[in-house]
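This report looks at the side-chain packing of a predicted model.

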Amino acid sequence: MKLDDLSRPAVPVGYGQLILDVAATHDVDPADLLAAAGVPAELMADPNGRLSALQSGALLLFAMELSGEPAIGYEIGLHSSLTSHGLMGYGLLSSPTVRQAIGLSERYMPARLPMLTMSLTVDGPVAAIEVVENAPLGPVRQCTLDLFLVGIARIAPILTDRLRRPEELELWFDYPEPDYHARFKDRLPAMRFDMGVNQARFPASDLELTPETANLGTVAMVEEQLRRELEQLGLDGDLVVQVQAALREVPGSLPDLDTVAERLSMSSRTFKRRLKEHGTSFRQLVEAGRKAEAVRLLNTTSLSVAQVADRLGYADASSFSRAFQKWTSTTPGAFRSQP
């Protein structure tokens, strides 16, 4: 997502309305919140209206400030439902399997939350929906990740039998445990912090479950409409998403800049310039990829710390350990020994 795209209308107003509704439970007047965020009331009244990423971010920021509730991301996630996602929600309900529902979300996320990218990974018996930001989220990053992952946990029971086995759904976050988590712990699924990645993790066997509402005809119609939305918004084929996919292509190995540039049919110089236009760099994306891959290798393999360091391209185990401690506030050895 280019920096210029932050000002482009893309986020459905339904998401903005959800923020207004949750803020109102803290006695925040919707008109005051809209005025503080600089969002026209008439835009919110248009059922087909779209907010820019900057406007939706401003709504989140001022919702936290005016309500005095730093955990408002949790609350928004807990208040969300499949209908909160409009047409996308019907597509999820109609998908033949949970795996295909996740695939639908991956493909058409830019038509809902273009500042985020989600992807499905499977490591043996565990499947994970991972979310990364492809645009700077600034002071609302943690709130955005809170609401997104809690929202996934909220709708999971509708597509699977997670309601009967909630202990098998776990959320991972790459930041330290916030002070406000304790107040909401009883209403949330299991959470782990300082994990280097942001994921919703669940049994891989759930991927082949079939929602009771599956309907091939309906999901085909939904997908066609979502495809049109992407074309109209001009948000398909995002460069950052393509680079992230290239970095995940071969587990345990990260290609260099020239290799990725060649794969995307552009010169290294053009590649670096275009990433700068997106507000990022190849180095930043590689670091994010290294964090995710380090967590995966430490969790799912018996490789030594030195071997993990070598897989990730570090000169030695000490360099890797310093980087890992910076990401997660713990050492690779201590991280691996956690239950």
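## Aromatic pairs

Phenylalanine 320 has a relative accessible area of 0% and is therefore buried, and tyrosine 314, at 13% relative accessibility, also counts as buried. Nine aromatic pairs are found in a search of the whole structure; in one of them the ring centres of tyrosine 314 and phenylalanine 320 lie 5.6 Å apart with their planes at 55 degrees, so this pair is classed as tilted.

Phenylalanine 324 and phenylalanine 335 form an edge-to-face pair, with 5.3 Å from centre to centre and 70 degrees between the planes. Because phenylalanine 324 belongs to helix α16 (residues 317-328) and phenylalanine 335 to helix α17 (residues 332-337), the pair ties together parts that are eleven residues apart in sequence. Both phenylalanine 324 and phenylalanine 335 are buried, and ring pairs join Tyr314, Phe320, Phe324, Trp327 and Phe335 into a cluster.

## Nonpolar cores

The largest nonpolar core holds 76 residues, of which Leu59, Tyr74 and Phe148 touch the most other members; helix α8 (residues 141-159) supplies the largest share of this core, eleven residues. Apart from it lies another core of 18 residues, including Val295, Leu298, Leu303 and Phe320.

Leaving aside residues up to four places away in sequence, the contacts of tyrosine 74 include Asp146, Val150, Pro178, Tyr180 and His181.

## Contact of α1 with α4

The axes of helix α1 (residues 13-24) and helix α4 (residues 53-67) come within 10 Å and cross at roughly 5 degrees, and α1 and α4 are therefore roughly parallel to each other. Gly16, Ile19, Leu20 and Ala23 of α1 meet Ser56, Leu59, Leu60 and Ala63 of α4, a contact with six nonpolar, two polar and no charged residues.

Methods
Residues are numbered from 1 along each chain as its sequence is written. This is a predicted model: local features need pLDDT of at least 70, side-chain atom pairs count only at pLDDT 80 or more; totals for chains, interfaces and linings use all residues. Side-chain values use heavy atoms; hydrogens and water are left out. A nonpolar core is a set of buried Ala, Val, Leu, Ile, Met, Phe, Trp, Tyr and Cys residues joined through side-chain atoms within 4.5 Å. Buried means under 20% relative accessible area, exposed over 50%, partly exposed in between (1.4 Å probe, protein chains only). Helices (H or I, at least four residues) and strands (E, at least two) are DSSP runs, numbered from the N terminus. Contact means heavy atoms within 4.5 Å. Axes are lines fitted to C-alpha atoms, for helices over the stretch in contact, and angles run from 0 to 180 degrees between N-to-C directions. Angles under 35 degrees count as roughly parallel, over 145 as roughly antiparallel, 65 to 115 as roughly perpendicular and the rest as oblique. Ala, Val, Leu, Ile, Met, Phe, Trp, Tyr, Cys and Pro count as nonpolar, Asp, Glu, Lys and Arg as charged, and the others, Gly among them, as polar. Rings of Phe, Tyr and Trp (its six-membered ring) pair if their centres lie within 6.5 Å; planes under 30 degrees apart count as stacked, over 60 as edge-to-face and the rest as tilted.
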